[in-house]
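Biologist: I am new to this one. Show me the structure, and then let me ask how you know what you say about it.

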Amino acid sequence: MSLPETNYLLHAFKPERVEVAGGVLSKQRLVVSDCINVKGAVTGIGVPDWCVSHEEAKNDALVVSTLLQSGCRLVGKAQVDDFGTSISGQNPFLAKLTNSMSPGTRVGGSSSGAALAIVNSKASIAVGNAVCGGILIPAAYCGLFGYRPSLGMVDLRGMASLSPSFDAVGFMARSLPTLQQIAEKCWTKPARPVRLNAVKYASSLFQELLDNDALLEWETKLSSLNFMRNDVPNLSKLTLTQAHNIHTAILGREIDMQYGQWLDAVNPRFSDETGTFLKTIRDKGFKEFVESKKKREFFSDSLQGFFSSGEVLMLPTSPGPAPSCDDVCDVYLINQRKLYAIAEVAGLAQLTIPAISIQGALMGVSLLAHPGEDRLLFEAAGRWFV
């Protein structure tokens, strides 16, 4: 599917930028979310007032340089949602984006523009900040594969930080082999050489979060997959709530430390969803921040107790199919934020896989792996789900 419009691109390179002709990745066309440095362009955070007061990047982000040196062709920079914390994918300052894979539903954010560049065949791969589900959500809503590396697997230099505790360079692609090839090229340390032993299935989360139609469709799809799974029935919404509380306390304080003075001085306009969320998390105090840092360590140890080294954990990427652009209930939004918090708080690797369609609205499921065991995600997905 392809559309002539390219309003999801803020900067289009014509001709496409090529550093190494004939490299191993010469067939790949790269799009970069606006939160990633590209030499000669201002690195934005989805807010024009920020771009006005900042200079063009003097160098490419390390991940961009790595891919260009491997032969990728850079097609441009794509818009992100306002401030990178919205999960809608829309930006009140920029073009209104349309999910051409699932008309009438959200694109998902923050890397909404990059997702549409792949959907519309303008690019084959994308990179962006995976914080707050910024890669996984648009991938899930647009029927793409999305990957958030475990902590420390990909160098962050040259990416606009939102929250140092949760920032991660993430990747999107239409093809799983392409996504794995790109990811492995960008790893700055080798993945742990562990054998894939099992898939642990968070059955209670699917049952608690999905409505009847989505659950029936998913269980039909699941029954067609030829793999043995071990249920983890006690991984419940309580675990999600714990992760979400830790995530928002740390995120809010770190955003305030990095951007608080600028936000208060400029008072930029935000979408209602972003504005409400920022106000809520910026009210978190320093004491809660310190306590949440301690709780994060305990939570990480506890979560990894649900599945062992060599195993992957399966859970929904979103609490149902992509919601309507015009009608999203608060319960869905909070559950979406709770779901992305799990891997971010625990520092786990996460891969979202296109799963089902409910009346045209798309939904993905995720595999999670222990830190450093990122390759297991691609092995499991390739063996059983693709």
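Modeller: Start with one term: contact means heavy atoms within 4.5 Å. This is a predicted model, so every value is computed from it. By that cut-off, and leaving aside neighbours within four places in sequence, Glu 254 is in contact with Leu 162, Ser 163, Pro 164, Ser 165, Phe 289 and Lys 293.

Biologist: Where does Glu 254 lie?

Modeller: Glu 254 lies in helix α8. Leu 162 is 92 residues apart from Glu 254 along the chain. Their C-alpha atoms are separated by 7.7 Å.

Biologist: Why does Glu 254 count as buried?

Modeller: Buried means under 20% relative accessible area. Glu 254 has 6% relative accessibility, so Glu 254 counts as buried.

Biologist: And why is Lys 189 called partly exposed?

Modeller: Buried is under 20% and exposed is over 50%, with partly exposed in between. Lys 189 has a relative accessible area of 39%, so Lys 189 is partly exposed. Lys 189 lies in the loop between α5 and β7. Not counting residues up to four places away in sequence, Lys 189 touches Leu 151, Gly 152 and Met 153.

Biologist: What makes α10 and α11 roughly perpendicular?

Modeller: Helix α10 (residues 286–303) and helix α11 (residues 330–346) pack at an angle of about 105°. The range is 65 to 115 degrees. Therefore α10 and α11 are roughly perpendicular to each other. Their axes are 9 Å apart. Arg 296, Phe 299, Ser 300 and Leu 303 of α10 meet Ile 342, Glu 344, Val 345 and Ala 346 of α11. This contact has five nonpolar, one polar and two charged residues.

Biologist: Which residues of α2 are buried?

Modeller: In α2 (residues 62–69), they are Val 63, Val 64, Leu 67 and Leu 68.

Biologist: How do you know that they are on the same side of α2?

Modeller: They cover an arc of only 130° around the axis, which puts them on the same side of α2. What covers them includes β1, β2, β3, β4, β6 and α5. Just after α2, Gly 71 takes a positive phi of about 110°.

Biologist: Which residues have the most contacts inside the largest nonpolar core?

Modeller: Val 63, Leu 67, Phe 83, Phe 171 and Trp 218 do, in a core of 111 residues. Apart from it lies another core, of 22 residues, among them Ile 118, Val 119, Cys 142 and Ala 168.

Technical notes
Residues are numbered from 1 along each chain as its sequence is written. This is a predicted model: local features need pLDDT of at least 70, side-chain atom pairs count only at pLDDT 80 or more; totals for chains, interfaces and linings use all residues. Side-chain values use heavy atoms; hydrogens and water are left out. Buried means under 20% relative accessible area, exposed over 50%, partly exposed in between (1.4 Å probe, protein chains only). Helices (H or I, at least four residues) and strands (E, at least two) are DSSP runs, numbered from the N terminus. The arc is that of the directions from the helix axis to the C-beta atoms. A nonpolar core is a set of buried Ala, Val, Leu, Ile, Met, Phe, Trp, Tyr and Cys residues joined through side-chain atoms within 4.5 Å. Axes are lines fitted to C-alpha atoms, for helices over the stretch in contact, and angles run from 0 to 180 degrees between N-to-C directions. Angles under 35 degrees count as roughly parallel, over 145 as roughly antiparallel, 65 to 115 as roughly perpendicular and the rest as oblique. Ala, Val, Leu, Ile, Met, Phe, Trp, Tyr, Cys and Pro count as nonpolar, Asp, Glu, Lys and Arg as charged, and the others, Gly among them, as polar.
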